[in-house]
Amino acid sequence: MPTEVRRVTDSIVCLRRASYLTCSYIVRTSNGLVLIDAGMDSDGADVHAGLREMNAIPNELRAILLTHWHNDHAAGAHALHALTGTPVYYHRGDEPFYTGHAGATGLRRWLSDKIPEWGVLVLAKGLLGEATPRAVVAQHFVEDGEIILDQFEVITTPGHTPGHVCYFYRPARALFAGDALAVIDDHIRFMARPVTPDIHKARASLEKCLALNPTVICPGHREPMTTNVEAACDAMRSYLKSGGPWPFFG
Ligand SMILES: [Zn+2]
């Protein structure tokens, strides 16, 4: 299924696979192109589609910033790094999954290898195998509060995975949220509980994201949010403050 390529702002492009609505992003910065998450296809096909749309070539990439190891977000990183040498950034907390050291063996591994990279099966493939299909090695481990390429602030946001991070692109006040939150029908929502192993940490992570007062939210699935973001953040802040529960379906 083809990759949808959509402009979010003048400098941000969203790459989305219709089969699972996973979003990766390319940002045109004053330091070159920066990729946030690497698509669902382990050949990097989603990212190549985005680069073509931007009339850019893979060697213009300056950094591959990964939010977490799930292979609907990280699958293409191995191929893109191998092709261009672009450094890969992620948090050490997810390293065993990115590299496959935590990965399943035997029948589970065999089954995982057989699952095609299509739709929700991509996530199933990763969860069953407990690893991205092609090992992704970091050139740089990110830390909370660190600023990458003078523009992307690292926000550690564990909960969905142990080493989940968000990236806050300061020039556009854009939050690349990965799976720390969901955007559904112009509202900020939780991720579903079954894919949030630590909801206590995830709740604190969500509060941390909202405290940034973003003007654009680029989540890991569905739709980027570019209008009424302040009101949406206020609504979720109030819900969290009221002690509202984490709904099963997010
Ligand atoms: Zn995920």
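Leu-107, Trp-110 and Leu-111 come together as a nonpolar patch on the surface, with about 340 Å² of accessible area between them. Patches gather residues with over 30% relative accessible area and no salt bridge, nonpolar side chains (Val, Leu, Ile, Met, Phe, Trp, Tyr) being joined within 5 Å and like charges within 9 Å; a salt bridge is a side-chain nitrogen of Lys or Arg within 4 Å of a carboxyl oxygen of Asp or Glu. Areas were computed by the Shrake-Rupley method with a 1.4 Å probe, and for residues only the protein chains shown count as cover. The model is a predicted one, in which local features need pLDDT of at least 70 and side-chain atom pairs count only at pLDDT 80 or more, while totals for chains, interfaces and linings use all residues. Residues are numbered from 1 along each chain as its sequence is written, and side-chain values use heavy atoms, with hydrogens and water left out.

Leu-111 belongs to helix α5 (residues 106–114); helices (H or I, at least four residues) and strands (E, at least two) are DSSP runs numbered from the N terminus. Its relative accessibility of 37% makes Leu-111 partly exposed, a class that lies between buried (under 20% relative accessible area) and exposed (over 50%), with a 1.4 Å probe and protein chains only.

Turning to the aromatic residues, the whole structure holds eight aromatic pairs. Rings of Phe, Tyr and Trp (its six-membered ring) pair if their centres lie within 6.5 Å, and planes under 30 degrees apart count as stacked, over 60 as edge-to-face and the rest as tilted. Tyr-25 and Phe-176 are edge-to-face, because their ring centres are 5.3 Å apart and their planes stand at 65°. Tyr-25 is buried at 1% relative accessibility, and Phe-176 is buried at 1%. Trp-69 and Phe-97 are stacked, with 5.0 Å from centre to centre and 15° between the planes. Tyr-90, Tyr-98 and Phe-141 form one aromatic cluster.

The zinc ion is held by His-68 (NE2), His-70 (ND1), His-160 (NE2) and Asp-179 (OD), at 2.1 to 2.3 Å. Donors are N, O and S atoms within 2.8 Å of the metal (3.2 Å for Na, K and Ca); water is not among the atoms, so sites may look incomplete. Angles among the four donor atoms run from 87 to 171°, and the site is irregular: four donors are tetrahedral if all angles lie between 85 and 135 degrees, four are square planar and six octahedral if opposite donors are over 155 degrees apart and all others between 65 and 115, and anything else is irregular. His-70 is buried at 6% relative accessibility, and Asp-179 is buried at 4%.
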